[in-house]
2 protein chains.
Amino acid sequence: MIDDPPEEDVFSILVATDTHLGYEVDHPVRGNDSFVTFEEILHIGRENDVDLILLGGDLFHLTKPSAETLHRCMSLLRQYCMGDRPVSFEIVSDQEKNFENTTQKVVNYEDPNYNVSIPVFSIHGNHDDPTGQSNTSALDILSCAGLVNYFGKCVDVTDVPINPLLLRKGKSLLSIYGLGHIVDKRLCRLFEAGKVNFYQPEEQHDDWFNILVIHQNRAARGVKGYIDESALPGMLDLIIWGHEHDCRVEPEFNATKNFHVMQPGSSVATSLAEGESLPKHVAIVKIYKKQFECTPIPLETVRPFVFRDANVSEVLMENPKDLKSLTEKIEEGATKLVQEMIKEALAKKTGHPKQPALPLIRLRLFFEDEGDMINIVRFNQKFEGSVANPTDLLLMKKGIADKKVKRDVLAREVLADILNGEQENWDVKIEDYVQKYFNEQEDNGNDLFRLNVLSVTGLNAGLSRMVDLQDNNAIDFIVKYVFHCPRIS
Amino acid sequence: MIDDPPEEDVFSILVATDTHLGYEVDHPVRGNDSFVTFEEILHIGRENDVDLILLGGDLFHLTKPSAETLHRCMSLLRQYCMGDRPVSFEIVSDQEKNFENTTQKVVNYEDPNYNVSIPVFSIHGNHDDPTGQSNTSALDILSCAGLVNYFGKCVDVTDVPINPLLLRKGKSLLSIYGLGHIVDKRLCRLFEAGKVNFYQPEEQHDDWFNILVIHQNRAARGVKGYIDESALPGMLDLIIWGHEHDCRVEPEFNATKNFHVMQPGSSVATSLAEGESLPKHVAIVKIYKKQFECTPIPLETVRPFVFRDANVSEVLMENPKDLKSLTEKIEEGATKLVQEMIKEALAKKTGHPKQPALPLIRLRLFFEDEGDMINIVRFNQKFEGSVANPTDLLLMKKGIADKKVKRDVLAREVLADILNGEQENWDVKIEDYVQKYFNEQEDNGNDLFRLNVLSVTGLNAGLSRMVDLQDNNAIDFIVKYVFHCPRIS
């Protein structure tokens, strides 16, 4: 970017995603984590005097956030984003099209009844997507409260037109394309069928800096289980990728497509996977005409998290008193290792007064012989009061710690986890069992067991939603969906 | 009230209660009813240029309203209550005290970031009371959105100080005491123990017109099962009584206490009880110094509802073709009666374009001989498409229609229903069974069956909440409550 572009021509945007508000809200230790860091993010926005905040989905952890979660989120937005500060960019697109599927048809800062200091723009993720008969998302509530501009809401999943928000600040023109989460398989097919259309402005066609905000799988997760960057149009300049929790905030250049991709990652660890233990960031993106500059900002309130893989053979201590049994030795060695990890976690502390004290610790201990298993519950209890997650600190796994995969690029980590049967394995297994059961029944000619209303895939999708997102209307929704929409998948 | 008091000295208040937003929101026919009438109420407020809207609780039907319900409510409030119209009264009380237990400490129209045209003030009812670890009510969400001023929120139920909102408009002084719903038994004991304190302003002590907004049982419902008007302080001038759904909007004078009580009633029928079939109203209350005037305004969008009790002997048709069986004759007679009721309901239609077309019909048919029972499901099916509630139109009850009770004053109706075993009988029975079960176990010396954490009453209260209000945290809440609060009941 050129040195010192005139400030009145430069967009300053705070980019964040996957704040998962309300994650573990009832946990006695971790209950506040998501809110504390969300507040830090808003604080960063205000301190840096940004023009707007751009969120990549999963603002909330649950499709139906509790009253407490909604209320705390709204209180923070009200505190940080309302006020007298003038907004110094204008929207020149047809807002009726930008907000076609939300009740609020005008950005909050243009509404004469609201005094907005920092407009927040967000798409939905898979955790806070529209649901129920009326396709209402928790973001619709925030939009109605004048606190968030909810864009990229698509309700017809057979045809996805994307009309960008067109923003002008001085000499800079910025178009923001939003695409709220759609099931990856479906979205892949929509791309293949040419049903995802990016409508570029005709005026000053080549002068716009084009951002896409998307919330999909990026890491390879089986056939059509993720969105390949190559499916996205080359006219884009910067893609802000939500959903993936690993922080890869520094924009990565895709030479084939000639665009950059940045993946800010989550601001709260919602699983004890290795990717969540990377230092978490948000970023300030400055845009001047067709140039941009990204400044990652480390989040200082995130609970320290140390993840490690080890083999039983590595933790076995050579103990002088060899009266001890093998498992006692393993336990002693693992204890030492966890103590080291706690030290490492505490060394990560930033000094921010709101950063929580107790760290998250996850040790994956690999064993080959069942005799090497130690009592996990008893082991974890030792760390009660020293870690934030005493109930799930230690995971014992049969096999050998795959250091190769571990050293592999982060993008492959999630895939590796699936192959290793860890991440999401519960879902996958249950779904496989359901599928297998119905297949068997059909093979045996038990026609009575054939599903008439939903396909097995549909049933599984509904069950997953009910369990993962506590969305009790999921089955209902899917049944209606199947009957009202032409089948794509 | 004196003729033509100067307008700048007169408070004009729209009073409504129990709008139960979201009642039957997923019902294919009745889903919109609560919202349609809520909009009518807001419209009345705007058309009559009222200073404020005062709600008596149960704005929402469920403790945790769905995103759709919240969103629709907020959209309507935003549409009708935000705007440039100036608010012409001032608040002179200490708002920190008025809003002690809510996050917003200032009325919405005084917040420079919100442009409020009609301030709405509400207490909570038993359907939208604070819940969860953080004592959050759906009204807190509306308060945070700048749409409602939520007052009368008490979180310590061992001591209830009531600091009134003190409003001044020209020469009139109005104090509004708010008391959000508390379980009746508990509140009775708090009154007896002198723990409910109304803090009157010292300045111009006698010049205030004193309103109390309350949401409790008013009709007698067993010992300490309701609040007796005699428990309320005589310094009050007008009591606005929520919770009771029968519309008794004309203020009734209590000569002993020298105050008036008005009971606006619900704006949507949430049960098929006779009281809900009374014409529904809101009211505009005008206050000039110590005088007031109440103008009831009939609601024109309420779904017509006709309720009737009849004995089998009354509907038996003398049919020339006496081949027909007794039950066929009863069925034919009841059909005729229902047809009459539908006609009566249609005659009640107001012509309001938004009033729903299909009426609610409830026929309670009393029989003495089991042989007089007709097939209810088949009977109801005849009226599919002609009524809004085909699945529960007919109720058959053993006994004789108690016309005396029916003709009795409305206040006794609910009590009568309980005695007749109709209203709330499901609850009462289940609770009784639970109680009986544990009593028996204890009598038999089965100490293992003694409850250790919750009393049977507590368990029952929690279960009722879970079922009636879909509050999944109810048990959790009650357990915490028992451990943290000194026992009163």
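Which residue of β13(A) does Phe253(A) stand opposite?

View 1. The model is predicted: local features need pLDDT of at least 70, side-chain atom pairs count only at pLDDT 80 or more, and totals for chains, interfaces and linings use all residues. Residues are numbered from 1 along each chain as its sequence is written, chains are lettered from A in the order in which they are written, and side-chain values use heavy atoms, without hydrogens and water. With mixed pairing, 7 strands of chain A follow the order β3-β7-β8-β10-β11-β13-β12 (strands are DSSP runs of E, at least two residues, and helices runs of H or I, at least four, numbered from the N terminus; two strands pair if DSSP finds at least two bridges between them). Because β3 (90–91) and β12 (248–254) each have a single partner strand, one side of each is left without a neighbour in the sheet.

**View 2. Pairing of β12(A) with β13(A).** These strands run antiparallel and are joined by 4 bridges, β13 spanning residues 259–263. Phe253(A) stands opposite His260(A).

**View 3. Contact between chain A and chain B.** In contact (heavy atoms within 4.5 Å) are 29 residues of chain A and 29 residues of chain B.

**View 4. Salt bridges between the chains.** Chain A and chain B share 2 salt bridges (a side-chain nitrogen of Lys or Arg within 4 Å of a carboxyl oxygen of Asp or Glu). Arg78(A) forms a salt bridge with Asp111(B), the closest N and O atoms being 2.8 Å apart. On the side of chain A that touches chain B, α2(A) gives the most, with 7 residues.
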